[in-house]
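Work through the exercises below with the model open beside you. Try each task before you read its solution.

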Amino acid sequence: GLGFAGSILSYAQTTEASGFAPLGIARVAAVAMLATAAVSQRSRIVPAPGSRRLVVVTGIVDAAANVAQVTALRLGPLAVASVLGALYPVATLVLARFLLHEHLHGWQRVGIAFALVAVVLTALP
């Protein structure tokens, strides 16, 4: 949570003149941390042969989401953009429900409802 909040606040402080360089810097830092963790644990970070297409598509969608998040932070109110950006777990639950036919548990439904109410309350003047 602290890392997510720190990145949101950091992106919000960047100027339009910086373009999307902050996203590139963040991605390089993330890859360096992942590589360091893999080396220290003697783990492989190469995707399984059958999943490479999915990894590429996921990377493209993640990059598009990050570009949208930074654009929203620069154009709109920080409170609204950060709350909407933090709703990505809700999207995961909804996709799992409709694509994988998983059942949502009661607390997950309550969490989604609270998250949507929070978005509405944050957007109010």
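**Exercise 1.** Is Gln69 buried or exposed?

*Solution.* Start with the ground rules. This is a predicted model, in which local features need pLDDT of at least 70 and side-chain atom pairs count only at pLDDT 80 or more, while totals for chains, interfaces and linings use all residues. Residues are numbered from 1 along each chain as its sequence is written, and side-chain values use heavy atoms, with hydrogens and water left out.

Step 1: take the cut-offs. Buried means under 20% relative accessible area, exposed means over 50%, and partly exposed lies in between (1.4 Å probe, protein chains only).

Step 2: apply them. Gln69 has a relative accessible area of 14%, so it is buried.

Step 3: Gln69 sits in helix α3. Helices (H or I, at least four residues) and strands (E, at least two) are DSSP runs, numbered from the N terminus.

Step 4: list its partners. Contact means heavy atoms within 4.5 Å. Setting aside neighbours within four places in sequence, Gln69 touches Ile8, Ala81, Ser82 and Gly85.

**Exercise 2.** Describe the protein chain as a whole.

*Solution.* Step 1: count the elements. The chain has 6 helices and 0 strands. In sequence order the pattern is α-α-α-α-α-α.

Step 1: find its extent. Along the principal axes, the C-alpha atoms fill a box of roughly 50 × 45 × 25 Å.

Step 2: check burial. Of the 125 residues, 14% count as buried.

Step 3: look at the contacts. Take those with a separation of 6 or more: residues 24 or more positions apart account for 60% of them.

**Exercise 3.** Compare the span of α3 with the expected one, then find what the helix packs against.

*Solution.* Step 1: get the expected span. The rule is 1.5 Å times one less than the number of residues. Helix α3 (residues 52-75) has 24 residues, and the expected value is 34 Å.

Step 1: compare. From first C-alpha to last, α3 reaches 35 Å, close to that value.

Step 2: pick out the buried residues. In α3 these are Gln69, Val70, Leu73 and Arg74. They pack against α1 (2-12), α2 (21-41) and α4 (78-85).

Step 3: zoom in on one of them. Leu73 counts as buried because its relative accessibility is 6%. Beyond its neighbours within four places in sequence, Leu73 contacts Ile8, Tyr11, Ala12, Leu78, Ala81 and Ser82. Ala26 lies 47 residues away from Leu73 along the chain, and their C-alpha atoms are separated by 16 Å.

**Exercise 4.** Describe Arg42 and His101, two residues with positive phi.

*Solution.* Step 1: take Arg42. This residue lies in the loop between α2 and α3. Arg42 is exposed, because its relative accessible area is 80%.

Step 1: take His101. This residue lies in the loop between α5 (88-99) and α6 (106-123). Phi of His101 is near 60 degrees, positive in a residue other than glycine. His101 is exposed, because its relative accessible area is 57%.
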